[in-house]
Amino acid sequence: MKQKPNLSFWQLWNLSFGFFGVQIAYALQSANISRIFATLGADPHKLSYFWILPPLMGIIVQPIVGTLSDKTWTRFGRRIPYLFIGAAVAVLVMCLLPNAGSLGMAVSTAMVFGLLSLMFLDTSINMAMQPFKMLVGDMVNEKQKTLAYSIQSFLCNAGSIAGYIFPFLFTFLGISNQAPLGVIPDSVVYSFYIGAAILILCVIYTTAKVKEMPPKVYAEYHSLKTPENEQKTGWMTLLKNAPATFWKVGVVQFFCWFAFMYMWTYTNGTVAANCWNVDMLAHDATTTAGYQEAGNWVGILFAIQAIGSVVWATILPQFKNRKLAYALSLILGGIGFVMAAYIHNQYVMFIPFILIGCAWAAMLAMPFTFVTNALEGYGHMGAYLGLFNGTICIPQIIAAAFGGLLLQLVGPEQSHMMIVAGIALVLGAISVGVIKEHKASE
């Protein structure tokens with residue numbers, strides 16, 4: 001197999017720079033969806049059901065994008081057109097979603113509008129996000145992949161920090177953080193507007209800077225007898241022929257994304273109850289100043305998590321044993337989740353979220369390093385990574401579907417679900433042991 005050349009740092013940077021903008025959009029969605037739907041009138045104890053849509057759209061969209069982009073070639077490349085279209089749709093929806101309660105609609109109608117907006121937002125974010133993983137798999141050689149995905153992890157977390165702190169920042173600048181029942185505060189609305197603007201600018205930058213390999217050149221570097229745009233292979237065949245590493249990493253992914261789904265769903269209620277003493281069982285809990293302040297603080301906590309992730313992402317490449325680094329990261333995250341359930345000081349809460357950031361850094365970099373290395377020579381990189389996204393989406397769907405039932409089993413306090421998340425991450429760390437790492441000499 002012809003070896004892909006080393007890329008300069010800035011070439012690796014340009015491959016992933018647009019991820020900064022995409023992740024701002026994803027961070028705004030992750031940190032504010034529970035808050036938005038609770039504000040629109042949803043039962044805070046049934047919020048997990050609203051989180052089924054995002055991963056459901058991901059499991060549908062990403063394999064399609066991956067498969068189609070394998071067979072696409074235009075003057076702009078094979079992955080980049082899908083990236084640009086996804087980003088453009090995301091910008092439009094980001095301007096609509098936070099206004100769900102401000103268009104004069106009835107509560108039920110506003111809820112449906114919000115759900116449809118969320119569906120299109122997550123679809124477009126997934127469409128824009130997946131090409132970045134594929135670009136690294138396509139263009140970066142095995143030796144540089146850990147560095148490439150670490151750069152991607154850094155940009156991802158930098159974007160997360162920006163997205164998470166926007167509502168807090170706008171509130172600090174004097175923009176209203178409270179609104180009548182059923183209306184989203186201006187601090188959140190403006191955050192989505194700014195996020196949309198940054199997203200499209202970052203994607204334009206990547207589109208202008210990155211030149212992808214034409215199909216025949218790609219085939220030479222990936223030991224393919226026929227360029228991928230001339231091949232026809234079904235998803236079931238690809239899954240049947242997938243390397244064992246694909247499935248083993250998927251087991252770890254199940255526990256990891258199961259855990260983080262509960263963080264996104266229940267952190268707001270946990271922080272409001274533990275640190276602001278909000279009675280989350282009260283009918284008007286979401287209209288209180290405490291709940292909205294807690295919502296802003298959740299953005300700060302997620303930003304702290306992202307900072308912890310950025311720092312940990314610089315440490316991960318120093319580990320000679322990638323499996324050890326992966327498992328240790330997940331254990332630290334599990335400890336952080338359990339700690340978060342018992343802390344009642346908003347500033348002390350920084351500690352568990354720094355630890356959770358360690359797990360997040362590993363989840364962004366390690367799985368794709370293992371899987372793309374194992375897939376060298378298989379072809380259909382885009383389709384495989386799209387299908388691998390099922391190991392991210394399926395656990396989130398299962399977690400969302402059973403969130404309400406689990407909450408009933410562990411008690412009414414949403415903080416108990418953070419303990420469930422911690423246990424799931426520890427199980428993920430144990431599962432790392434089944435992975436067999438692909439070596440360059442193999």
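These are my notebook entries on a predicted model of one protein chain.

**Ground rules.** I number residues from 1 along each chain as its sequence is written, and I work with heavy atoms for side-chain values, leaving out hydrogens and water. Because the model is predicted, local features need pLDDT of at least 70 and side-chain atom pairs count only at pLDDT 80 or more, while totals for chains, interfaces and linings use all residues.

**Overall fold.** I looked up the secondary structure and found 16 helices and zero strands. Helices (H or I, at least four residues) and strands (E, at least two) are DSSP runs, numbered from the N terminus. The C-alpha trace spans about 65 × 45 × 35 Å along its principal axes.

**Burial and surface.** I find 62% of the 442 residues buried. Buried means under 20% relative accessible area, exposed over 50%, and partly exposed in between (1.4 Å probe, protein chains only). The accessible surface comes to about 16600 Å², and 69% of it belongs to carbon and sulfur atoms. Areas come from the Shrake-Rupley method with a 1.4 Å probe; for residues, only the protein chains shown count as cover.

**Contacts along the chain.** I took contacts between residues at least 6 apart in sequence, and 83% of them join residues at least 24 apart. Contact means heavy atoms within 4.5 Å.

**Salt bridges.** I searched for a side-chain nitrogen of Lys or Arg within 4 Å of a carboxyl oxygen of Asp or Glu. The structure holds two such salt bridges. Asp138 meets Arg78 at 3.6 Å, N to O. Asp138 sits in helix H5 (residues 107-139) and Arg78 in the loop between helix H3 (53-70) and helix H4 (80-96), so the pair ties together parts 60 residues apart in sequence. Both Asp138 and Arg78 are buried. Arg79 also bridges to Asp138, with the closest N and O atoms 2.7 Å apart. Arg79 lies in the loop between H3 and H4, so its pairing with Asp138 in helix H5 ties together parts 59 residues apart in sequence. I noted a relative accessible area of 0% for Arg79, which is buried. Shared partners join Arg78, Arg79 and Asp138 into one network.

**Aromatic rings.** I counted 35 aromatic pairs in the whole structure. Rings of Phe, Tyr and Trp (its six-membered ring) pair if their centres lie within 6.5 Å; planes under 30 degrees apart count as stacked, over 60 as edge-to-face and the rest as tilted. I picked out Phe368 and Phe388, an edge-to-face pair at 5.7 Å centre to centre with 80° between the planes. Phe368 is in helix H13 (residues 350-374) and Phe388 in helix H14 (residues 381-388), 20 residues apart. Phe368 is buried at 5% relative accessibility, and Phe388 is buried at 0%. I also found one aromatic cluster formed by Phe9, Trp10, Trp13, Phe17, Phe20, Phe154 and Tyr205.

**Gln253.** I placed Gln253 in helix H10 (residues 244-276). Gln253 is buried, at 0% relative accessibility. Beyond neighbours within four places in sequence, its contacts are Tyr326, Pro367, Phe388, Thr391, Ile392 and Pro395.

**Ser431.** I found Ser431 in helix H16 (residues 416-431). Ser431 counts as buried at 11% relative accessibility. Leaving aside neighbours within four places in sequence, Ser431 contacts Val251, Val252 and Phe255.
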